[in-house]
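Me: I would like to learn how to read features off a structure like this one. Please take me through a few of them.

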Amino acid sequence: MFRGQFLHSVDQKGRVSLPAKFRESLGEASTVVLTPSPFDPCLQLYPLKVWEELERKISALSSVDRNVTRFRRLFISRAQDVEIDGSGRVRVTPDLREHAALDKDVLWAGMGQYVELWSKPRWDKETELSPEQWNEFRDKVEELIRV
């Protein structure tokens, strides 16, 4: 499981260090899947086994449903197998960096079975809520998970 937040930087070759805690969670795996989030301006990184299970579930959905087709185009077709190099870095291609506006300062966010990679300014904007928004958010979460 992936949890926690870690600040890193994108180097001139488009590489970002994967936090040591996340590498530990991956075990011996050296290949991960990196894909743009279809709903947020960030990237999602999946262990290969988790990705393959998710891909099977998505592949089982109707091929005539336009929303499913659009989702596959936005999510699966843009996914890339990425090697973790000997220094624990992943290379983020220019198209994926553009999707997430990754420039210099980035934030890895553990999300349980996967990890998100955000530009730090976008993360700050995404997680900033007014007191009213926090109250509404809290109420919705309490309803969802029955806290």
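Me: In which helix do Lys120 and Asp124 lie, and how many residues apart are they?

Reply: Some ground rules come before that. This is a predicted model, where local features need pLDDT of at least 70 and side-chain atom pairs count only at pLDDT 80 or more, while totals for chains, interfaces and linings use all residues. Residues are numbered from 1 along each chain as its sequence is written, and side-chain values use heavy atoms, with hydrogens and water left out. Helices (H or I, at least four residues) and strands (E, at least two) are DSSP runs, numbered from the N terminus. Lys120 and Asp124 are both in helix H5, four residues apart, about one turn of the helix.

Me: How far apart are the closest N and O atoms of Lys120 and Asp124?

Reply: Side chains of opposite charge can pair when their charged atoms come close. A salt bridge is a side-chain nitrogen of Lys or Arg within 4 Å of a carboxyl oxygen of Asp or Glu. For Lys120 and Asp124 the closest N and O atoms are 2.6 Å apart, and the two form a salt bridge.

Me: How many salt bridges does the structure hold?

Reply: There are seven. Among them is the one between Arg15 and Asp11, at 2.7 Å from N to O. Another joins Asp139 to Arg138, with the closest N and O atoms 3.3 Å apart. Salt bridges with shared partners link Arg138, Asp139 and Glu142 into one network.

Me: Why does Ser119 count as buried?

Reply: Burial is read from relative accessible area: buried is under 20%, exposed over 50%, and partly exposed in between (1.4 Å probe, protein chains only). Ser119 counts as buried because its relative accessibility is 3%. Ser119 belongs to strand E8 (residues 115-119), and its side chain reaches the backbone nitrogen of Arg122 at 3.1 Å.

Me: Which residues does Arg72 contact, leaving aside its neighbours within four places in sequence?

Reply: Contact means heavy atoms within 4.5 Å. On that basis Arg72 is in contact with Ile58, Ser59, Ala60, Leu61, Ser62, Ser63 and Ser77.

Conventions: Polar contact = N/O pair within 3.5 Å; in protein donor to acceptor, adjacent residues only side chain to side chain.
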